[in-house]
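Work through the following exercises with the sequence and the model at hand. Each task is followed by a solution in steps.

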Amino acid sequence: MENLKFEEMNLSDDIVRAVKDMGFEEATPIQSQAISVIMDGKDIIGQSQTGTGKTAAFGLPCLEMLDPENKSLQALILCPTRELAIQVSEEFRKFLKYKDNIKVLPIYGGQPIDRQIAALRKGVQVIIGTPGRVMDHMRRHTLKMSTVKYVVLDEADEMLDMGFRDDIETIMLKVPEERQTVMFSATMSNEILDLSKRYLKKPEYIKVTRKELTVPNIEQSYFDVKEKTKPDALCRIIDMYSPKLSIVFCNTKKRVDEVVEQLQGRGYFAEALHGDLKQAQRDKVMQKFRNGTIEILVATDVAARGIDVDDVDIVFNYDVPQDDEYYVHRIGRTGRAGRSGRAFTFCVGKEIYKLRDIMRYTKTKIIQKKLPTLSDIEEIKTNNFLDQVKDVIEEGGLSKYVEIVGNMVNDDELAATDIAAALLKLALNDIISSDFDDDINYGGTEIYGDAGDSMVRLFINAGKKNKIRAKDIVGAFAGEAGIPGKSIGHVDIYDDYTFVDVPGEYVKDIMTAMKNSKIKGKKVNIEIAKKK
Ligand code: ADP
Ligand code: MG
């Protein structure tokens, strides 16, 4: 079906003019198909992706069908979050630019209820609200549902995911049986169909799929990983690409919390965004993400839906998404506003079949990539550091330091290149210390990073014969003694014993914590190693 012009849709001049002022030239596919059906009074389920104009698809017919003379509540629009409620009501206000006889009010948690009650008293014909706050008003009898004729369940999948099912039920029982109900959703599930069977009457199902599902300026790749190497793989890729902002998508809330803990434990600025957070907490997290205090946002699909941040460099699918649509939604968080972006998916074993489905669905190729090796990361970090050095030279103001180096050259008879090399070594020791070994790709036991001067070498009476690997030790020290895994230096594992370099300041903590703890199920004895 061709996209329709707004003039061709039986809409009043006031509305068409307002929509034109908004810069809408023609209706989007979901609008072209849904508007006339809704204006005919039918119930519908509308499915189309985020950003395809669903608000106008239900909003324009809603505003046309209202009776401006009747000051009682006529339309109820339920949205999953405060942001969406505000967004929808702002859009409605624009549609109403040339119609001043219709009052629209958003109601959501977090805003003083008294103010909402006062606004409601003045007479409101359209309410756009979150289920929780709407119920609140119903309980207080500040919202009378008996005159409602038109109900919209917007972003229904998201509302279900957020656990609003019971609330929706309660609300729907209070609106008159005699009404029109329309439901919009970006994805379709059995739960959604179930909901539609309960509350919609002979609904027409309108589905729009886009031909081009993904944006061309996103580089899409996947990494073949094991479940347990995902945390290491994630850190390694982040180290490799140094994204300013990235989003890590997980399939469950529990998973989100795990990943955040792992990332924070390794010194990354990461925080969680999921449905268990209160609105105020979410706002805070999002604000920190926007201003860069958090570099990595770890999120569930639902929580991330409304995110509006333009400069996300990488989207990680830490878990392969369960729904093809989710993949499209997720990666659409990067490569926005003309920028380029990357989407990396972790794929475990048979999940490759799911990924092939996604490729078929999105009609794009997702290319396999190898995880960066430690030497890749070393190279990149060295190069970055050298770039910084060049910048510092360019900035100038180095005379004080030139003098110190000059003295070393003259008095100690050292070569300037040797001094520079030693400084580089010291600096890189700080930058390149990693808390994972290289057996993601191949089974080495060496951990990267040399111990600097302030490091103390510890002796552990267990080694290869006890199947101890570097990461077991790092894990035990980090977990039991609470020291940052990144701070641990060189680990040398021999058959019966192991040497580990740790920062001097942590020695006491480690010795105390490890007194009663085990590594790989073995009780170990740890001592400060004798100097070579
Ligand atoms: P959805 O609910 O499907 O995610 P929205 O209704 O929020 O999408 O619309 C996404 C954006 O597209 C909004 O900025 C909206 O103003 C704009 N938009 C909607 N319809 C049109 C149209 N016909 N032409 C141009 N822009 C549109
Ligand atoms: Mg929407």
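Buried means under 20% relative accessible area, exposed means over 50%, and partly exposed lies in between (1.4 Å probe, protein chains only). This is a predicted model, in which local features need pLDDT of at least 70 and side-chain atom pairs count only at pLDDT 80 or more, while totals for chains, interfaces and linings use all residues. Residues are numbered from 1 along each chain as its sequence is written, chains are lettered from A and ligands numbered from 1 in the order in which they are written, and side-chain values use heavy atoms, with hydrogens and water left out.

**Exercise 1.** Describe the salt bridge between arginine 330 and aspartate 301.

Step 1. A salt bridge is a side-chain nitrogen of Lys or Arg within 4 Å of a carboxyl oxygen of Asp or Glu. The closest N and O atoms of arginine 330 and aspartate 301 are 2.6 Å apart, and the two residues form such a bridge.

Step 2. The pair links distant parts of the chain, 29 residues apart: arginine 330 belongs to helix 14 (residues 324–331) and aspartate 301 to helix 13 (residues 301–304). Helices (H or I, at least four residues) and strands (E, at least two) are DSSP runs, numbered from the N terminus.

Step 3. Arginine 330 is buried, at a relative accessible area of 1%. Aspartate 301 also counts as buried, at 11%.

**Exercise 2.** Is serine 246 buried or exposed, and which residues is it in contact with beyond its neighbours within four places in sequence?

Step 1. Serine 246 is found in strand 9 (residues 246–249). Its relative accessible area is 0%, so serine 246 is buried.

Step 2. Contact means heavy atoms within 4.5 Å. Leaving aside neighbours within four places, serine 246 is in contact with Phe289, Glu295, Ile296, Leu297, Val312, Ile314 and Phe316.

**Exercise 3.** Locate lysine 465 and list what it touches, not counting residues up to four places away in sequence.

Step 1. Lysine 465 is found in the loop between strand 15 (455–460) and helix 19 (470–481). With a relative accessible area of 62%, lysine 465 is exposed.

Step 2. Beyond four places in sequence, lysine 465 touches Asp495 and Asp496.

Step 3. Aspartate 157 is 308 residues from lysine 465 along the chain, and their C-alpha atoms are separated by 53 Å.

**Exercise 4.** Summarise the whole protein by its elements, its extent and its burial.

Step 1. The protein has 20 helices and 20 strands.

Step 2. Its C-alpha trace spans about 95 × 55 × 50 Å along the principal axes.

Step 3. Of its 532 residues, 50% count as buried.
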